[in-house]
Each structure stands twice: as structure tokens, then as C-alpha cells.
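Have a look at the structure below, and then we will go through it piece by piece.

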Amino acid sequence: MKHPNLFQSYTFNNGVTVSNRLAVAPMTHLASDDNGHITAEERQFLTDRFRGIGLFISAATLVHDGGKAFYGQPEAIGPEDLPSLREVARIAHDQGAKALLQIHHGGWQSIPALNPNGEIFAPSEHPETGAKALTEAQILSIIDGYGHAAELALEAGFDGVEIHGANNYLIQQFFSAQSNRRTDAWGGSLQNRLRFPLAVVDAATAVRDKHAKPEFIIGYRFSPEEPGENGITMADTFALIDALVRKPLQYLHVSLWDFYKKARRGADTERTRIEQLHQHIGGKLPLIGVGNLYTASQAAEALATGWAEFIALGKTLLINPHWAEL
């Protein structure tokens, strides 16, 4: 084996062992039907797409009406979604991977035409898209939706869930002072802007506790920086990490388009984001890294930096579904 570091096993803090250090990055393949259920096209895409990869993270899966952000987005809202979810989990298991359902709400990035009454919602009013500010009752309902989606994932046979707190979707919109201009308990101070992301984590972990399934994996994906005067900085993200490592999570997953991209604000701009994030985590949780890694040598070199415990692959597996085996 030419790159043995990629194929070392890893055991999470809940005792679950993953066979290697490779993950399928969550890819939105726009192929579910109008009800958010698996289609023949989607089935063909997923089958034998990632054999030999240790972790499979599904496409962003909707948790609540009003948050659908993609044509062909899968759903985990009600019992009618279970057959489709079960099939996705089975396809992943048949390829030898641990299967994680990424749970998601689009916020103001949702598409009105795909949502009831053409209405979409965000932490604060968003005139550019027509998104309305969420009420307190709606916020609590969406948090429950994340928890219910985690419960459906567990029932469907997934090994866990990944909370999608990245890419400027709803959870990140709550965390960012740029998009969250609320003046109640869900906005304003950094502590208040952390309230929604942490409530979603608590909703998912409560499901695991309810069913006494400590082996159920819960991860959290985040974007480390945003543009704009009030956008998220690395310093903000360090505060998010400090809060997340105190939760009973199994991993963190940074969303990067380039593994080696340097920080812009709130940290050392001469060093990479991922190196500084990993250093800040301080070994409390493993970190999944990603970003423009195509060859086996590139992935092995990225892992060898010590800045991540797992390497996720997206476009790489679109190009070559037999990458890991080769």
C-alpha cells in the first residue's frame, strides 16, 4: 500500500471505529424526486460511488418545511421519508462505509417555489430574497425539526448525522452578525448568536440519549470565515469551536474550497485556516478537512500535515468512483 496513513482506522470518543481516514464530502446531487425521495438516477449515482471510503456523508437533507434550498433535495421530515432514507443508508453500508445523514435548512437561501405558499424564512428579514424573519415559535419548531430528522436517521439505520452549520445556510445565518440582526435572545451578542447552533446540537444529542444509542455519531460542519464587514471571522469561529467541543459530539468538519487556504481575519493571516482551527481544537475532537485534493499523494500529504484526522473528497469521487480502491 503506497499511502498507508489514509487507511489507518480511527475510533471516535463514543467507541465507534471507522475503517480509514477517508470521507465522502456531502454533495448535493439534485436527484431526489419532488417528495425528497430517492430516484433511479440517484440510486445509480450512489451505488459503487465510494467503495472503500470509511465515512459517507449524505447530501444536505431537509429537516423542516420552508427550508428547501435545492431542486431534487432529499427530505427527513416525516415517516413517509423513511423508506428512502433506509435505502440510502443501505447503499452506503453495502460499500463498507459508516453512513451519516447531513441535516439541513436553507434559511434565506431556500427557493420560494419549492416551499409551501412560496414563503421562506431566515433569522432576520432578508429583502434580497424576500425571506421573512422567523418568530420564536418557528425557531423552536425548526430546532425540533432537526431533532426529528436525527430520530428518522437513527430509525432508518444511519450511523449518525452531520449538522450542516456551514455555507451560509440557516445555522450559519444565526451565528453570523451579518445575517442575524435580531434583538431578542436569538441575536445580538456572540453568546446569543451561538444559541441556535447549540440548540440544534442539543436536539440531536437528546435523540441519541432518548434511544440510549451512544454509538450514534453526531458531527458538525462549519465555514470558518465570511466576507463582509460583519461577516464571521476566524476569531468568531474559535468561539464556536470552544462551545462545540464542550458538547458530546464525535467530530467537527470544516468546509473549505482549498485545504491550504490562509486565514483572512481574526487569526494569523500567514498560516492556513485549517492548521489554526486544528490547533484551537487541541485534540478535543477530530477534524475533517477538505478542499481541492484529487490524487492519493495530495490526500496523504494533507493528512500528514497533522491538521486533520480525516480527509473528505467531493469532486474527486465524482471523477473517479473507484479512487479509494485504486
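Start with a helix pair: Ile 139, Ile 142, Ile 143, Tyr 146, Gly 147, Ala 150, Glu 151 and Leu 154 in α3 meet Phe 196, Ala 199, Val 200, Ala 203, Ala 204, Val 207 and Lys 210 in α6. Contact here means heavy atoms within 4.5 Å, and helices are DSSP runs (H or I, at least four residues; strands are E, at least two), numbered from the N terminus. By class, this contact of α3 with α6 has 12 nonpolar, 1 polar and 2 charged residues. In that count, Ala, Val, Leu, Ile, Met, Phe, Trp, Tyr, Cys and Pro are nonpolar, Asp, Glu, Lys and Arg are charged, and the others, Gly among them, are polar.

This is a predicted model, in which local features need pLDDT of at least 70 and side-chain atom pairs count only at pLDDT 80 or more, while totals for chains, interfaces and linings use all residues. Residues are numbered from 1 along each chain as its sequence is written, and side-chain values use heavy atoms, with hydrogens and water left out.

Two packed helices are described by the angle between their axes and the distance between the axes. The axes are lines fitted to C-alpha atoms over the stretch in contact, with angles from 0 to 180 degrees between N-to-C directions.

| Helix pair | Angle | Axis distance |
|---|---|---|
| α3 (residues 136-156) and α6 (residues 195-210) | about 35 degrees | 9 Å |
| α7 (residues 234-244) and α8 (residues 273-281) | roughly 35 degrees | within 10 Å |

In the α7 and α8 pair, Met 234, Thr 237, Phe 238, Ile 241 and Asp 242 of α7 touch Arg 273, Gln 276, Leu 277, His 280 and Ile 281 of α8. The residues of this contact divide into 5 nonpolar, 3 polar and 2 charged.

Now for the pockets. How much space lies in the largest pocket? About 760 Å³. A pocket is an open set of points on a 1 Å grid over the protein atoms alone, where a 1.4 Å probe fits, with protein on both sides within 12 Å along at least five of seven lines; lining residues have an atom within 4 Å of a point. The largest pocket has 37 lining residues, and Asn 167, Ser 223, Ser 255, Leu 256 and Trp 257 lie nearest its centre. Its lining divides into 14 nonpolar, 14 polar and 9 charged residues. Helix α10 gives the largest share of that lining, 3 residues.

The second largest pocket is lined by residues including Met 1, Lys 2, Trp 323 and Leu 326.

Methods:
Points joined across faces, edges and corners; volume = space filled by probe spheres on them.
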